Amino acid sequence: MTILFEPVEQRAQQLGSTLGANLRAVSSLEQLQRALAADPAELLVLFGPGTAASDALHFAAKQRTIRPSLGLILLRDDIDVATLGSALRAGIRDVVPAGDSMAVLAACAHSRQVSQQLTGAGAAQSSREAKIITVFAAKGGCGKSTLATNIAVTLASGGHRRVCLIDLDLAFGDIGIMLQLAPQRSLAGVPDNPEAVSVEVVRSMLTPYRPGLEVLLAPVGPAEAERLRRDVVGAVLKVVATQVDFVVVDTPAQFTDHVLTALDLAHLQVLVATPDVPALKNLRIALDMLDLLKLPVSRRAIVLNRSDARVGLTPADIERVLQLSPDTLVPSSRDVPISINRGMPIVVDKPNHPVSKAIRAMVASRIVPLAAATSGGPEPAGRLYPARTR
């Protein structure tokens, strides 16, 4: 039985015709409280479009601690970014156009699935520990986001594994536009308090992309990057890791607190450069920084992207600058930017392409074997550097 809270009788009747007979409509918060008290097993409450947003947000914030498995969906005639962000931060699982009956039914089905996982099957997944793969480049333009996206798609393997791709470039993330995903959910919905980052909250922020692969998009506006604290980002990564097999984190080309957290938690750091002196120099500096932070060398995979570009550097020159040999060589091809513009990762668009083969080989040799490891994971974030005061 789904509970619908809708103060306007006509709107309640309209929604009743959409949702069917398995619906109990209430028109006041007092009636809603009594209905929930009478049915402790209820998993879903819909707030109709006639509900005052403040009432829905206040109720959701209270239920987050009292009844965390209860799914709350807000129906609106018009959805704006501010309403969406406020709702998700309060603990509302989804915000859906009231006039889109298919979207309402889909949101209800998804919410019930999440609640059932939280109360039953989901509890069995709490011991799951995904392997976190953090992709980093010390210079922009090295193809880092493209590599992270293709790694995630390869790992998902059409639904064979559960993977979450996180865009941690909070100010200027490109994953959404590269995959042509509408940014209706993002990290903008994360609470300010790390203790409030729950499985339910994280699931409400995920955007499905392909079978086995969900994406946690960067906020639409750069201002959100200033709000998200390092400990909150760490909490998100840890919660996501309990729900999937692999977490792939795309990062900006700078050592921010968020990036350091993702590198610290990573079971493998995929470090990307291209065969030009500035990119190689910056990668060498980044490696020195990781050494200073005492992050194990065994957790690093060095990828030379566009490795066959004729730019006047020999393999010996590259090794001399890096002071090591790259683990993976990914060739250059104009098919890569074409696949980006089409919104289709090259490992899907052209699976037999040399670039696709190189990425799959790296995933098979360096990432998939991590799943067999049961110990020796990274220590919690925050051990390497002090928190910044705000």
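Which residues in H7 meet which residues in H17? Leu 147, Asn 150, Ile 151, Thr 154 and Leu 155 in H7 meet Ile 359, Arg 360, Met 362, Val 363 and Ile 367 in H17, where contact means heavy atoms within 4.5 Å. This is a predicted model, in which local features need pLDDT of at least 70 and side-chain atom pairs count only at pLDDT 80 or more, while totals for chains, interfaces and linings use all residues. Residues are numbered from 1 along each chain as its sequence is written, and side-chain values use heavy atoms, with hydrogens and water left out. Helices (H or I, at least four residues) and strands (E, at least two) are DSSP runs, numbered from the N terminus.

**Helices H7 and H17**

- Two packed helices are described by the angle between their axes and the distance between the axes.
- Helix H7 covers residues 144-156 and helix H17 covers residues 354-367; they pack at an angle of about 70°, with their axes 10 Å apart. Axes are lines fitted to C-alpha atoms, for helices over the stretch in contact, and angles run from 0 to 180 degrees between N-to-C directions.
- H7 and H17 are therefore roughly perpendicular to each other (angles under 35 degrees count as roughly parallel, over 145 as roughly antiparallel, 65 to 115 as roughly perpendicular and the rest as oblique).
- The crossing of H7 past H17 is right-handed. A crossing is left-handed if the near helix is turned anticlockwise from the far one by less than a right angle, and right-handed if clockwise.
- By class, the contact of H7 with H17 has seven nonpolar, two polar and one charged residues. Ala, Val, Leu, Ile, Met, Phe, Trp, Tyr, Cys and Pro count as nonpolar, Asp, Glu, Lys and Arg as charged, and the others, Gly among them, as polar.

- Ala 361 is in helix H17 and is partly exposed, with a relative accessible area of 44%. Buried means under 20% relative accessible area, exposed over 50%, partly exposed in between (1.4 Å probe, protein chains only).
- Thr 328 lies in strand S13, residues 328-330, and is buried at a relative accessible area of 9%.
- Ala 361 and Thr 328 are 33 residues apart in sequence and 8.6 Å apart in space, C-alpha to C-alpha.
- Leaving aside neighbours within four places in sequence, Thr 328 is in contact with Ile 302, Val 303, Leu 304, Ala 358 and Met 362.

**Helices H2 and H3**

- The axes of helix H2 (residues 29-38) and H3 cross at roughly 30° and come within 12 Å.
- H2 and H3 are therefore roughly parallel to each other, and H2 passes H3 in a right-handed crossing.
- Leu 29, Leu 32, Gln 33 and Leu 36 of H2 make the contact with Asp 55, Phe 59, Lys 62 and Gln 63 of H3.
- That contact of H2 with H3 has four nonpolar, two polar and two charged residues.
- Phe 59 lies in helix H3 (residues 53-66) and is buried, with a relative accessible area of 5%.
- Not counting residues up to four places away in sequence, Phe 59 touches Leu 32, Gln 33, Leu 36, Phe 47 and Leu 72.
- Gln 63, also in helix H3, counts as buried at 6% relative accessibility.
- With residues up to four places away in sequence not counted, Gln 63 touches Gln 33, Pro 68, Leu 70 and Leu 72.

**Helix H11 and its cover**

- Helix H11 (residues 230-241) has 12 residues and reaches 17 Å from its first C-alpha to its last, close to the 16 Å expected at 1.5 Å a residue. The expected span of a helix is 1.5 Å times one less than its number of residues.
- H11 is mostly covered, with 10 of its 12 residues buried; among them are Arg 230, Gly 234 and Leu 237.
- The cover over the buried residues of H11 includes strand S6 (131-137), strand S7 (163-167), helix H9 (199-205) and helix H12 (257-265).
- Met 205 is in helix H9 and counts as buried at 0% relative accessibility.

**Positive phi values in loops**

- Ser 157, in the loop between H7 and S7, has phi near 50°, a positive value in a residue other than glycine. Ser 157 is partly exposed, with a relative accessible area of 42%.
- Lys 294 is in the loop between helix H13 (277-292) and strand S12 (300-305). Phi of Lys 294 is near 60°, and Lys 294 is exposed, with a relative accessible area of 69%.
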